[in-house]
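Below are my notes on this model, as numbered points. Please read them with the structure open.

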Amino acid sequence: MWTFVSGGKVRPPKVPPKVPPKVHEFRLWTGLSAVEPTAEVLQVQSSESRRVRQVGMGGLGKTTLAQLVYNDPMLEFDLKAWVSVGEDFDVSRVTKTFLLQLGDGGDDKDLNVLQVKLKQKLSGNKFLVVLDDVWTQNYEEWTLFWGPFEAGAPQSRVIVTTRSQDVSLMMGTTQAYALKKLSHNECMSVFAQHALGANNFDAHLELKQMGEEIVKRCGGLPLAAKSLGGILKGKPNPDLWKEVLSSEMWELPDNRSNILPALKLSYLHLPPHLKRCFSYCAILPKDREFDRNELVLLWMAEGFLYDQKKMKDSEGLGHKYFDDLLSRSFFQQSNDNKSKYIMHDLIVDLACFVSREICLHMVGKLENAKSFAKIRHSSFIPHFMNTFQRFQSFCEMKNLRTFLSVREDRIRCHITSKVVHELVPKLKCLKSRSLAGYEIEELPNSFGDLKHLRYLNLSDTPIQGLPESVDKLFNLQTLKLRDCDELIELPKGICNLLNLQHLDIIGTRKLKEMPPHIGKLTSLCVLTKFIMGKNNGRITVLKKLCDLRGQLHITSLENVEVADIRDAGFVNLEDKPGITELHLEWTEADERFDDLRNPSHEEQVLNSVQPYQSLSSLSITSFGGRKFPLWLGEPSFSGMVQVQLWKCRQMTSLPPLGRLKSLKRLSIGDMRGVKEVGVEFYEDDSCFSCLEELEIRSMGEWELWAWSNGLGEDSVPKFPKLHQLQIRNCPKLVGKLPTFLPSLEKLFIVDCPLLVELPKHSIRRCQEAILRSVTNATCLTSLNCLEIALCDELVSLVDGEPGLLPCNLEVLKIYECPNLKELPSGLKDLKSLKYLTIRRCRSLVSFPTGGLPHNMIRLRITSCESLESMPEGIVCPSNYSGETSHLEKLYISGCESLRCSSNGKFPYSLKTLRIHNWTPQFLNSLYCGLSHLTELHIEKCPQLESFPGKELPLPSLISLTIAHCEGLRSLSNHMQDFQSLQQLEIGGCHQLEFFPEMGLPNPKLVSFQISWCKNLRSLPNRMQNLTSLQSIDISVCEGMESLEGGCLPPNLTSLHIRECLNMKQPMLEWGLHRLVSLRSLVLNVESTGDFISFPDDDGFLLPTSLTHLFIIGFKNLKSISRGIQKLTSLEKLSIWWCPKLQSFPAEGLPATLECIDIHSWPIISDIPFVGIDDFAVLPS
């Protein structure tokens, strides 16, 4: 582990950067003296230790250095992930964020499930992980979180950035590496670069002495040097430099903040208009990307952008201000997304300092503000469930102008209607309001009373319509309804909002027409979507909207009237140079009624909507004409970089898109009339010279790619920059593919059964391919990923001959080739091959002689019923001394004919082993050679009666799963060999009765899950000794009668007991009240039938730490008692199948409760509609 440490304040999570900083920029930022001590550490690849720390202070470029390492192409890792942790070190949140980074977007909330998933992702892989801004000093939390990372390969690395020495010491005892301040000369270089655009003062000797003095006061911090350089950028005036040097700000002590004097000084030298804009940024979350356009719209809503000359708010002025702050280093362009920006955490601290108590960013519940009445601008990060209690303090903010929800992800959140219907309408001074991403179905009519409102964002909500009172919001400038997929109509009075400049309605699939008189909104600059309705929305309206720019999506073009077509220039898009992205869409017609469409009419429409030549992106969908207009493909569209043509099913030929010299991305699909792509598509060798991505799919009649009209191979067009080619579902295509593809990196050929030849000799850089019909891949010399799937006629891969597979292949996947009998004999010679997967190849009997490459890391063989033997080298004789295998993961399942030698051993490198249908004798013979195993999964081994059957030294084992081994009766005392075990899962073992007499001798156990073990009577003995155990999940264990005397592990956070209907031990004996860390409790056991009221009135039965209580099948329960109020942390209450439930306590439920979920409640089951606070609740 690398740890970069320095001193300072906490910052919340950030998104991972992907674009590496340039080396010279990094050196300017951090200085060479900061890089060189870490160089040796960064190059370490073989050390077993993952915990190497580096110590420094705030503003030294810890994150910049981490970015450089993270994106260094010379460092090879199987997996990479970046997560910013921040002050709130929530193990579940951070674990889930890692899973999302690694491609698992599941909605699991149970920490145990999340950690098992993460461990499985990391197991055996060489990974690079960045934990940015770790501040937790809770050793137990850190240990719990760190568990899954132990499963990685020894060469894995973790970078941790932190400013706390205590955090650094908690993470390990090895020597930390110091990230030093810049030397004076290095700091001078950084300062000169930003102030003068040079690395030194040679051209400005008259400024050098003052520069020396200014740099001395930067204290070696690159951020300070950069900020002061930004003040003086382009201003080589000695008087101004002298003013900066002599500022009193250097001498002013301020114990109230940790703001650097240099940063304060940079703020003081801003002109007033920039000070206003910058201080407003205090509402932005730290280390979160933000969109410059959104920020400018918010500035405009606050009146910061009033243009005296134009006598109105100017969005263009806002972009000028933004660029000015960017040039002064108050903003930085994001590494992850060049269209987004971020602020350094110290800069955010500066904004918070200068805004005093005017701006507030709320992360959790608002508690510590000195004076709510002074707050003018507020933002908050939404919780999944948002109670009124969280927003109660807003009632005191009578002068609040900004109420902004800042989303972290795309998951919709819930908010109490009391906030929307009662709180917000009382905030009469609001100018900006965003509740994007909430489950809001309607707004109150009183919303129209917010007469100062200028910015309203309700994007990604299920709102069906806006109240008619919206027509009173005469000052509204921005209305965002993007992705409101339930929106049916816009209010008729919207045409009265003459100041409206932005109307974003992309993704409103149920919106069928525009409101009447939309053409009156002549101030509109952005109208993302225009719907040609049958009643409203004549296309001639667009002619009146002269200032449109950006994206424009015109839909339902079949509704254009004939009279409008006769009006020349009826849309006038040629006079709208600001439109850069144009989508033209006709409603997809039912094939049975294709004859009712008027191709000539549609051709006239498309011909008449010719855009301005500055257009960069064009999409045409479901066009019913038989020919494209002449303007499509005109070379005058010199800035066109993207074209998409979809479902133009009457077309028989393609337009001359090769004339578009700047075209980079081309997508063509579902054009069933096209049989031949010919020379009309391109004209000469210079066509498509910039094309990078080409996708052609679902061309059912396409047969031939007629390259040169018979004029010879030399005239075939070239694609010199094409790096991705996709051809999918073209069942009749037999012609040759392009031959000159020197830059190709990814090739996908799917469901093209007649295409038998790949392009030869011209593909040199291709790195990834999916082939569903092609078997000769020798020309793909740079290919590193090959997938062959659904090839029913494939019998022998490359005819079984050696040397016919790409020599640099790293990943080979063969799926569902039912007649494949033979793999190439040269498979063992693919020295780069690391991952081999073979699935559902039921005719494959054996692997070729010689086995697999020794560099193989993962082998997965599933559902190959005829396979009789393992590849050579996987299971070796006990005395084998040949070449060392690097195999780390082995998965074998569904291979019923597989037989193995009984005196072999697995390679010592193996870390993950999943075995199905193997005999105990074979398992016992393979116990040697597994000292590095971290994950063992045994399934469907019916003869297995006891495990482990003998001494089994697995010192590194972290996860053990035993599933559907119906003969298993006990776990033996040899379980004590697994001293590193953290996850134990047993399922479907119906004969299991006993655990070891000593209990589970696994002190590091974190998660214990057991299910479908009907003969099991109780939990293991001495559970109270398992102090690391966090989660117990027991389900469908019909024979379980007790929890071993109520001696549950003391640090449990999750206890789930479901469908254990014979557990008669009274709940009072379980000792739940002693579990002070318990957060989640699920109960479905027989003893709950004794409860008529639950929990007890005095609240002594359950711990107050509970956040989720889930009770199931309390068959005699009549009431929820007043004891529920003792659960002062409760957030969710779930009650399922409690048929006699009649009442809740008169005293009410806990104020912290965010969600109540009642399932199968007979009292309301026959009522077709139940409404609570105007929201529908539908009984299941």
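1. The largest nonpolar core has 116 residues. Such a core is a set of buried Ala, Val, Leu, Ile, Met, Phe, Trp, Tyr and Cys residues joined through side-chain atoms within 4.5 Å. Buried means under 20% relative accessible area, with a 1.4 Å probe and protein chains only. Phe-403, Leu-666, Met-671 and Phe-688 have the most contacts inside this core. Helix H18 (residues 417–426) gives the most to it, with four residues. Helices here are DSSP runs (H or I) of at least four residues, strands (E) of at least two, numbered from the N terminus.

2. A second, separate core has 110 residues. Among them are Leu-859, Trp-918, Cys-941 and Leu-1106.

3. This is a predicted model: local features need pLDDT of at least 70, side-chain atom pairs count only at pLDDT 80 or more, and totals for chains, interfaces and linings use all residues. Residues are numbered from 1 along each chain as its sequence is written, and side-chain values use heavy atoms, leaving out hydrogens and water.

4. What does Phe-403 touch, leaving aside neighbours within four places in sequence? Its contacts (heavy atoms within 4.5 Å) include Phe-380, Phe-391 and Phe-394. Val-419, Val-424, Leu-427, Leu-430 and Leu-435 are also among them. So are the polar residues Ser-378, Ser-432, Arg-433 and Ser-434.

5. Overall, the protein has 22 helices and 57 strands. Of its 1180 residues, 55% count as buried. Among contacts with a separation of 6 or more, 60% join residues 24 or more positions apart. The accessible surface (Shrake-Rupley, 1.4 Å probe) is about 49300 Å², and 49% of it belongs to carbon and sulfur atoms.

6. Helix H4 (residues 91–101) packs on helix H6 (residues 139–146) at about 25°, with axes 10 Å apart. H4 is therefore roughly parallel to H6, the term for angles under 35 degrees. Axes are lines fitted to C-alpha atoms over the stretch in contact, and angles run from 0 to 180 degrees between N-to-C directions. Val-91, Val-94, Thr-95 and Phe-98 in H4 meet Glu-141, Leu-144 and Phe-145 in H6.

7. Gln-1030 sits in the loop between strand E47 (1007–1011) and strand E48 (1031–1035). Is Gln-1030 buried or exposed? It is buried, with a relative accessible area of 15%. Beyond four places in sequence, Gln-1030 touches Leu-144, Val-1006, Asn-1051, Leu-1052, Thr-1053 and Ser-1054.

8. Helix H10 (residues 222–231) is largely enclosed by the rest of the structure, because ten of its ten residues are buried. Lys-226 is one of the buried residues.

Conventions. Buried means under 20% relative accessible area, exposed over 50%, partly exposed in between (1.4 Å probe, protein chains only). Angles under 35 degrees count as roughly parallel, over 145 as roughly antiparallel, 65 to 115 as roughly perpendicular and the rest as oblique.
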